[in-house]
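Me: I am new to this structure and would like to learn how to read its features. Please take me through them step by step.

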Amino acid sequence: MHNNKNTSLLNISSCFLLLTLCFFQSSLNAKTHEGVSLLVLGIAQDAGYPQINCYKPHCMPGWKNPQKRRLATSLGIIDHSNKQKFLFEATPDIKEQMYQLHRYAPDDKYQLGGIMLTHGHMGHYTGLMHLGREATASQGVPVFAMPRMMQYLSSNGPWSQLVKLKNISLKPLKDGKVMLLNERLKLTPLKVPHRDEYTETVGYKLEGPNKSLLFIPDIDKWQKWRLDISELVKEVDYAFLDATFFSDDELPNRDMSEVPHPFVVESMQLFDKLPQKHKKKIIFIHFNHSNPLLIDGSAAQQQVKKAGFQYAVEGMQLRL
């Protein structure tokens, strides 16, 4: 026979535990919908992974398994309190990335507060084409850009049509000058040395209500910059940094000087003397299709983690 008294106590305890778990879960859900959050929407170099016409062994996993494909580098910023969302870069993969952003911040509840562009290479601005009359026919989407970038968009089709039809509204930026996105978000563009065929290139510092980030997906070499990257890393909470190539032997049939970037092995050596509390802020991003950091479980990934750094993965979420 069962002891009714013990059974009753067990039922009461179970109910109390269930209520406690429900309350805890509700608290977690509430917290995820407060403040400002960052969402990694893409991690690959401009052309994504795998790249067109690449059927070498390192690209084949992406062709054979769609789940292994990666989108061009982009970050989403969600201000839950102000019901606004922002996008770093308008990539060729903007359709998928806007959908992922919509999943976390639905269009009917969150206003697109703007798109921040870094420069005029294909993976960083060409997604703007989806804002035109052939697709969404957007109205007045704020696009934050530096002077040469603004001039390029205003003077060259098809981008100039976006300006003419007011699908986008260009917002001028100035190197080193703070731009208030709203009362909780401060944006500072930082001009960096890069291949500036059409526009200048910038990285960004974004300051949220609690934490800050640095986003520099493209730069020639850290040593060429007028600013000290190590000191900048110390000033922020997260640093998403150019990791296009892991080392100098990835493109054996191409002159690497034509596509200068800081190799990951160089960056790790440069940042090696930083205290661990600063090292762990560094999150490598913008991987070329040849970069082994794209391969789950690779020796390169293990090397980065062992050295105290991080590498970006799509879907990564951080609080600002």
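**Cores**

Reply: In the largest nonpolar core, which has 58 residues, Ile77, Ile229, Phe240, Leu241 and Phe284 touch the most other members. A nonpolar core is a set of buried Ala, Val, Leu, Ile, Met, Phe, Trp, Tyr and Cys residues joined through side-chain atoms within 4.5 Å. Buried means under 20% relative accessible area, exposed over 50%, and partly exposed in between, with a 1.4 Å probe and protein chains only. A second, separate core of 26 residues includes Ile94, Ala105, Ile115 and Leu131. In soluble globular proteins, nonpolar side chains tend to be buried together.

Me: What kind of model is this, and how are residues numbered?

Reply: The model is predicted: local features need pLDDT of at least 70, side-chain atom pairs count only at pLDDT 80 or more, and totals for chains, interfaces and linings use all residues. Residues are numbered from 1 along each chain as its sequence is written, and side-chain values use heavy atoms, with hydrogens and water left out.

Me: Which residues is Ile77 in contact with, leaving aside its neighbours within four places in sequence?

Reply: Contact means heavy atoms within 4.5 Å. The partners of Ile77, with those neighbours left aside, include Val36, Leu38, Phe86, Phe88, Leu185 and Leu320. Ser37, Gln84 and Lys85 are also among them.

Me: How do I read a helix such as α10, and which of its residues are buried?

Reply: Helices (H or I, at least four residues) and strands (E, at least two) are DSSP runs, numbered from the N terminus. In α10, residues 299-306, the buried ones are Ala300, Gln301 and Val304. Seen down the helix axis, the buried residues of α10 fall within an arc of 100°, so they line one face of the helix. That arc is taken from the directions from the helix axis to the C-beta atoms. Exposed Ala299 and Lys306 sit on the face of α10 turned away from its buried side.

Me: What do the buried residues of α10 pack against?

Reply: They pack against α8 (264-270), β12 (282-285) and β13 (310-311). Just after α10, Gly308 has a positive phi of about 100°.

Me: Where is a positive phi found in a residue other than glycine?

Reply: His286 is one case, with phi near 75°, and it lies in the loop between β12 and α10. His286 is buried, at a relative accessible area of 1%. Asn53 is another non-glycine with positive phi, about 65°. Asn53 lies in the loop between β1 and α2 and counts as exposed because its relative accessibility is 60%.

Me: Which peptide bond in that loop is cis?

Reply: The bond from Tyr49 to Pro50 is cis, with omega near -5°, and Pro50 lies in the loop between β1 and α2. Gly157 and Pro158 are also joined by a cis peptide bond, with omega about 0°.

Me: Is Gln51 buried or exposed?

Reply: Gln51 counts as buried because its relative accessibility is 14%. Not counting residues up to four places away in sequence, Gln51 touches Gln45, Cys59, Trp63, Asn288 and His289.
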